[in-house]
Amino acid sequence: MSDLAGLKVVVAGLGPMGRDISRVFDRAGADVRVVDVSPELTEAGLAKIRAEAESAGETVSSISGATLAEAVPDADVFLEAVVEDMGVKRVLLAEVATLGRADLLVASNTSSLSVGEMGKAFGDPARVVGMHFFNPATKMRLVEVIVGGGTSEAVAEQARGLAEALGKTAVVCRDSPNFIVNRVCRPLYYEAQLLVTQGVPAGVVDAAASGGLGHPMGPLTLLDFTGLHTHLGSSETALREFGDPRYRPIPLARSLVRSGFTGRAAGRGFYDYATEKPRAAIAHLRREAGSEGADVRLVSAGPDAGGLPATAGSRTITVYHCHSRPGEGDVAAVRELAAAGEVVVDSSDGHWLDVLPAGVGWLRLHRAPAGDVFAEVVRDDVAKVAPTPAVTAVVDAVGAASVEVPALPGLVVDRLACSMVNEAAGLVEEGTASAGDVDVALTLGMNHPRGPFETLQLAGAPAVYEALRSMADLTGDPRYRPAQLLRRQAAGARQ
């Protein structure tokens, strides 16, 4: 690849991201000069770049070390990947401003800090833009291009073109805390942690996210991997910047960090790695489909009936699909069905806890993006809700893997999914990014099989809106306050 042949690029900061970004520019044919805080650290970083490239079966073509004074004056692009500290970035950018040409493009790899504030520190906001690469930058295809309040349209387009010349997919985002991916995933992480505080094992949360939503890594495993201290810091930033209680950090995360349990690197976070690693914990809690459904004939009923596979057997079980808040008619219908035979309610709406007839089982069936069926089976010893034999038979008849969950509003899968959709709707409503770019960002930046707006389209705006309203009603928590855009979309879909 030589799309950037002759382009002179300076990368400052030789941590893992800076080193990877340097290699990405080198692959594209750019002339890359790297800088760290001292000549010794620059040489050490350069040595690591060469070693990492060799380990990956690559060679470094045109990366060399330098000082800022040597590298910046004739550079076309300056990209900083230094520590996520605005004070450090301000000092660096002020120095670059005294060295660079008048047409130098200045980019920051920040994952959450204000590009507009960096533009002010540089002294010429029009030339400063965010280019947030994802880790590892040598493999991940996404770059968030963050447009500060003063960033010129020409510079934003230049940054997008650079990303594409590097073989990346660029999405454009207005300067806003956490940008796109980290912003939309914030409720995913918050809800996962809240579920643990409400008694759901970490392995169940992660199994549900993987099994029901198709996420390649559960949110709690991912938080342990990236570090709870990092997440806590960004959560505190989000709360401070937005001033909305929906973004308040979860006390459990703060407690773990204060205790030194910051995740995998520390040996303990949401999982205790000396006892059982996440994959083993998830395997112990996830039940694979058995043979209890071999002689079962399933019958669909209810307002959301449909989607069950055709089965034939001598044992008839009715599955009452009611994915929204149950009305009096739904409860009466379930009672009537239960009087005549075996019945199971398929719903994640927490209001069923108050009206579920005795002897009726409760589960939630999900069709994962890959086509597999996944089930949440409600077992709540406190509420005295237990899986009935009919529940096990239904799960096996549809061939579903399953986990047991307590009777909490939204259960796990729908609670995670609806919260992410709601955050994405708010982000689009305020003009931070387009719906299309949000979906691209989540599929490329997180390897999610679906973006939140594809999820919204499949589920329907009315269903997501009502699910959020139900959770808000049962908890009183502003975290579930529906975005106004989502409310309007739901109203439009009903016409």
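Mentor: Let us start with a term we shall need: two strands pair if DSSP finds at least two bridges between them. Please keep in mind throughout that this is a predicted model.

Trainee: How many bridges join E4 and strand E5, and in which sense do the two strands pair?

Mentor: One of the contacts to look at is that of Val77, whose bridge partner in E5 is Leu105. Strand E5 covers residues 105-108, and its pairing with E4 is parallel, over a number of bridges that comes to four.

Trainee: Which strands stand at the edges of the open sheet?

Mentor: Eight strands make up this open sheet, with mixed pairing, in the order E3-E2-E1-E4-E5-E6-E7-E8. A strand at the edge has a single partner strand, so one side of it is left without a neighbour in the sheet, and this applies to strand E3 (63-65) and strand E8 (169-174).

Trainee: What angle does the direction of helix H6 make with that of E6?

Mentor: Helix H6 (residues 153-165) packs on the sheet and touches E4, E5, strand E6 (128-133), strand E7 (142-147) and E8.

Trainee: Are Glu423 and Arg183 buried or exposed?

Mentor: These two form a salt bridge in which the closest N and O atoms are 2.6 Å apart. Glu423 lies in helix H16 (residues 413-429) and Arg183 in helix H7 (residues 181-197), so the pair ties together parts 240 residues apart in sequence. Buried means under 20% relative accessible area; with 3% for Glu423 and 2% for Arg183, each residue counts as buried.

Trainee: Which residues are linked with Arg183 and Glu423 in a network of salt bridges?

Mentor: Side chains of opposite charge can pair when their charged atoms come close. A search of the whole structure finds 30 salt bridges, and the network that includes Arg183 and Glu423 also links Asp244, Arg246, Glu430 and Arg481.

Note on methods
Residues numbered from 1 in each chain as written. Predicted model: local features only at pLDDT ≥ 70, side-chain atom pairs only at ≥ 80, totals over all residues. Heavy atoms only, no water. Salt bridge = Lys/Arg side-chain N within 4 Å of Asp/Glu carboxyl O. Buried < 20%, exposed > 50% of the residue type's maximum accessible area, 1.4 Å probe, protein only. Contact = heavy atoms within 4.5 Å. Axes fitted to C-alpha atoms, helices over the stretch in contact; angles between N-to-C directions.
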